[in-house]
Amino acid sequence: MSDRSGTRVCTLKELEQHCTEKDCWLAVDGKVYDLTSFVSRHPGGRDFLLLGAGRDATQLVQTYHPFTKAPYEVLKKYYVADFVSDEVFNGPEKYRSFYSTVAERVDKYFRENKVDHKWSNELVLRAAVIYGSCIGGFALANLVDLGPWRWLFAAIHGLGQALFGLQIMHDSSHCSLTHKPWVWRWIGVSWDIVTGASFYSWLQQHTIGHHIFTNIRGMDPDIGDKHADQRELRRISRGQKFFSYYRLQHLYSGLLYPFLAIKYRIGDLSINTKLYNGPIRVNPSPFWFNTFVAGKLSFLLFRVGLPAVLSPLSTLDLLLTFLATELLTGAWLAFNFQVSHVAHELVFFDEEKKDYRACDWAVMQVVTSQDYSHGNRIWTYLCGALNYQIVHHLFPTVNQTHYAKIAPIVMKTCAEYGIPYKVQPGFFSAMKSHFGYLAHMSDPEHTGAEKYLKY
């Protein structure tokens, strides 16, 4: 299709048809590129290039190549059309240099200190602890009778799964664990095999949905994919229709969070078969679908079949041990996720109202997130550095072991631009802010935070 000047144009609907390895188009900064012939030569591997296929990948390209302009030169060779879409971020002019400025300063830190932003020697030890906790904790909690000590090993297994998700799996989903695509893929596969949860589903929900459309109702799967007048478990954003049970949401939500790990394993069945994660279209991938199937079979074989055949424990004891492990995993993950984006003074947007389009994308990452426990190395380890959430959203390809060092750079730059950078003194302060916000939104008269929409 061409416009009146004869320039070829491409709509979002047309772009979405080109979403496979043999037909790979993506849009960046208002231009559409056919990268089909480049897929096998992409330095970052085919998985992450195909993740952006058929989409507006402007923010993906920006944040996954924050310290180089080389990709933009490469893209010029593959131009096919101008992109026509109203689904863009178009914030005030004075904030448009914010991301390039902070990226330049962070890059300078790494260059001057001769630090590889994707590596730290402690990552090898972390991986060993995680795999050992998952495998060893499972075996000692389920395959031998250690009496009451089995609860300790069930907890080690549960925490090991959570740290797997928060550390090496999470880093691999952002290409921030070494520069090697085969490492990211191998860890993703091992996540499926060890935990029975789909890495590919996580890429859709987190890397595509949450990181690009942070706190936008109807676009961010973590916030809600239903229309504002439909029932959900919580009321957390302005414009949601009020239902009477929301009055108790600050009381019952904490009881539901531990079921996250179980819920996720059930939800990824639909995601991998229907190829949709709420509002996020899932690009077909034979490799990752086969991995998904292998992960489910592995889960049934090792987590269910093996204990049923080899364990001296009773069926009831095995069930209770399983629940203890999974509820601890779910609780550790859910509470760490929720305090980062659902809290007082953080901003929520709405896809139906299109209000996000008046906000600069990088600024949106700051005003929709909060940090906590700065300088606490133990908590930084236990939460996978999610206590530096703002840094993570701006620089997802930087390994989490470096967040504490670059946070002052980001904070200083935010202050210069007049962008509020929210930091809670500790995890429990962040929890208080989260549940306080749920209590605030349990009142039908309250409509949520709106004061930062000028950004």
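## A glutamine in helix H9

Gln 205 lies in helix H9 (residues 199-212); helices (H or I, at least four residues) and strands (E, at least two) are DSSP runs, numbered from the N terminus. The model is predicted, so local features need pLDDT of at least 70 and side-chain atom pairs count only at pLDDT 80 or more, while totals for chains, interfaces and linings use all residues. Residues are numbered from 1 along each chain as its sequence is written, and side-chain values use heavy atoms, with hydrogens and water left out.

With a relative accessibility of 17%, Gln 205 counts as buried (buried means under 20% relative accessible area, exposed over 50%, partly exposed in between, with a 1.4 Å probe and protein chains only). The side chain of Gln 205 makes a polar contact with the side chain of Asp 222 at 2.8 Å. A polar contact is a pair of N or O atoms within 3.5 Å; within protein, one must be able to donate a hydrogen and the other to accept it, and residues adjacent in sequence count only if both atoms are side-chain atoms. Leaving aside residues up to four places away in sequence, Gln 205 touches His 210, Pro 221, Asp 222 and Asn 277, where contact means heavy atoms within 4.5 Å.

## A serine and a proline in loops

Ser 373 belongs to the loop between strand E10 (371-372) and helix H15 (377-382). Ser 373 is buried, with a relative accessible area of 5%. The side chain of Ser 373 reaches the backbone nitrogen of Phe 427 at 3.1 Å. Not counting residues up to four places away in sequence, the residues that Ser 373 touches include Trp 379, Asn 387 and Phe 427.

Pro 279 is found in the loop between strand E7 (276-277) and strand E8 (280-281). Pro 279 is partly exposed, at 30% relative accessible area. The C-alpha atoms of Pro 279 and Leu 255, 24 residues apart along the chain, are separated by 27 Å.

## Aromatic pairs

A search of the whole structure finds 30 aromatic pairs. Rings of Phe, Tyr and Trp (its six-membered ring) pair if their centres lie within 6.5 Å; planes under 30 degrees apart count as stacked, over 60 as edge-to-face and the rest as tilted. The ring centres of Phe 67 and Phe 395 are 5.9 Å apart and the planes stand at 20°, so this pair is stacked. The pair links distant parts of the chain, 328 residues apart: Phe 67 is in the loop between helix H3 (58-64) and helix H4 (70-75), and Phe 395 in the loop between helix H16 (389-394) and helix H17 (403-417). Phe 67 counts as buried at 19% relative accessibility, and Phe 395 counts as buried at 0%. Phe 67 and Phe 395 also form one aromatic cluster with Tyr 99, Tyr 109 and Phe 110.

Another pair is edge-to-face, because the rings of Tyr 131 and Phe 164 have their centres 5.2 Å apart and their planes at 70°. Tyr 131 in helix H6 (residues 122-142) and Phe 164 in helix H7 (residues 150-172) are 33 residues apart, and the pair links distant parts of the chain.

## Salt bridges

A salt bridge is a side-chain nitrogen of Lys or Arg within 4 Å of a carboxyl oxygen of Asp or Glu. By this rule the count comes to 18 salt bridges. One of them joins the side chains of Glu 16 and Arg 281 (3.9 Å, N to O). Glu 16 is partly exposed, with a relative accessible area of 30%, whereas Arg 281 is buried, at 12%.

In helix H6, Glu 122 and Arg 126 are four residues apart and therefore separated by about one helical turn. Their side chains meet in a salt bridge (2.8 Å, N to O). Glu 416 and Lys 412 both lie in helix H17, four residues apart, about one turn of the helix, and their side chains meet in a salt bridge (2.7 Å, N to O). Arg 105, Lys 412 and Glu 416 are linked in a network of salt bridges.

## The five-stranded sheet

An open sheet of five strands has the order E1-E5-E4-E3-E2, with mixed pairing; two strands pair if DSSP finds at least two bridges between them. Strand E1 (9-11) and strand E2 (19-20) stand at the edges, each with a single partner strand, so one side of each is left without a neighbour in the sheet. E1 pairs with strand E5 (residues 79-84) in the parallel sense over three bridges. The bridge partner of Thr 11 in E5 is Val 84.
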